[in-house]
Structures are given as structure tokens and as C-alpha cells.
Amino acid sequence: MSFKDGVMNDRLNVFLNDNFFGEKRTIIYNGHTYEDVTVVVTGGNGEYGRKKRYADHSNGLYNVKEIVHVRYEDIGGLQPEQGIRFSMNDEEGSDFFNEYYVDKSYTEGGICRIELRAVDE
């Protein structure tokens, strides 16, 4: 087995394994629901203040960033596009879905990295 083959194998058997780093979530994207998808969520609830513009009186609003790693095949082979709505439940089996917008996404080695943002009060 080559090094490249080993890396491709590890992405599924280690990184995106729900016994190690991954967790099962339901994703709603592009009009489709993908249930029990293994994802790795990083960035936590990384909140940072909005840039204040002149005459902007929206105190207390924060941008929330999440970074989701998922197998490209598990979301139907569709690359998430910037600005599209993306929903994901907060834990396996939960009926509560967080609503996000896609900031950026790219796929490398079969893993899609999706940067999400939401506005939270």
C-alpha cells in the first residue's frame, strides 16, 4: 500500500470515524436531507464581534463560525456554494437544527471542508 492509499484509507477509518473524531448528524442542504452523516465539527461556537459600521446600532449581534468536515459522497457529491443555506442538527438524534450560510467550501482527498456562518444574538 502506498502512502497516498494509506492517507485515503485513514480519512474514513480514523478521521471521519464516529468512534474516534466524527459524530453523526443530519444535514439539510440544497433541498435534500442527509441523515446520519458522519461529520467532524471544529471551530466550536467561535463567536467574534461584527465589525461596527458608522451609524450601526445593532449591538449584541455576533457572527458564529463552524467548520464542518464531511465525506464529499455523503452530501450527494454536491460542492456547497457560498451564500447557500445549510442546516445541521446540534447532536445525533436531535430535532433542533442550527441554521447557517456557507462562507467557503472546498474538497480535497474526498473530504469536503465547509466554513459556515450564522448570526447569533
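This is a dialogue on how to read some features of a predicted model.

Biologist: How is burial read, and what share of the protein chain counts as buried?

Modeller: Buried means under 20% relative accessible area, exposed means over 50%, and partly exposed lies in between (1.4 Å probe, protein chains only). Of the 121 residues of the protein chain, 32% count as buried. Accessible areas come from the Shrake-Rupley method with a 1.4 Å probe, and for residues only the protein chains shown count as cover. The protein chain exposes about 7,800 Å², and carbon and sulfur atoms supply 47% of that area.

Biologist: Which residues touch the most other members of the largest nonpolar core?

Modeller: A nonpolar core is a set of buried Ala, Val, Leu, Ile, Met, Phe, Trp, Tyr and Cys residues joined through side-chain atoms within 4.5 Å. The largest one here has 16 residues, and Ile-27, Val-39, Val-70, Phe-86, Ile-114 and Leu-116 touch the most other members. Strands E1 (23–29), E2 (32–49), E3 (62–71), E4 (85–89), E5 (97–108) and E6 (111–120) each give two or more residues to this core. The largest share, four residues, comes from E6.

Biologist: What does Val-70 touch?

Modeller: Contact means heavy atoms within 4.5 Å. Leaving out residues up to four places away in sequence, Val-70 touches Leu-16, Val-37, Thr-38, Val-39, Ile-75, Gly-110, Ile-111, Cys-112 and Ile-114.

Biologist: How many aromatic pairs are there?

Modeller: A pair of aromatic rings is described by the distance of the centres and the angle of the planes. Rings of Phe, Tyr and Trp (its six-membered ring) pair if their centres lie within 6.5 Å; planes under 30 degrees apart count as stacked, over 60 as edge-to-face and the rest as tilted. The count is one aromatic pair. The ring centres of Tyr-29 and Phe-86 are 5.9 Å apart and the planes stand at 45°, so the pair is tilted. Tyr-29 lies in strand E1 and Phe-86 in strand E4, so the pair ties together parts 57 residues apart in sequence. Both Tyr-29 and Phe-86 are buried.

Biologist: How many salt bridges does the structure hold?

Modeller: A salt bridge is a side-chain nitrogen of Lys or Arg within 4 Å of a carboxyl oxygen of Asp or Glu. The structure holds eight salt bridges. In one of them, Asp-103 pairs with Arg-117, the closest N and O atoms being 2.7 Å apart. This pair links distant parts of the chain, with Asp-103 in strand E5 and Arg-117 in strand E6, 14 residues apart.

Biologist: Are Asp-103 and Arg-117 buried or partly exposed?

Modeller: Asp-103 counts as buried at 16% relative accessibility, and Arg-117 counts as partly exposed at 28%. Salt bridges that share partners join Lys-65, Asp-103, Arg-113, Glu-115 and Arg-117 into one network.

Notes: Residues are numbered from 1 along each chain as its sequence is written. This is a predicted model: local features need pLDDT of at least 70, side-chain atom pairs count only at pLDDT 80 or more; totals for chains, interfaces and linings use all residues. Side-chain values use heavy atoms; hydrogens and water are left out.
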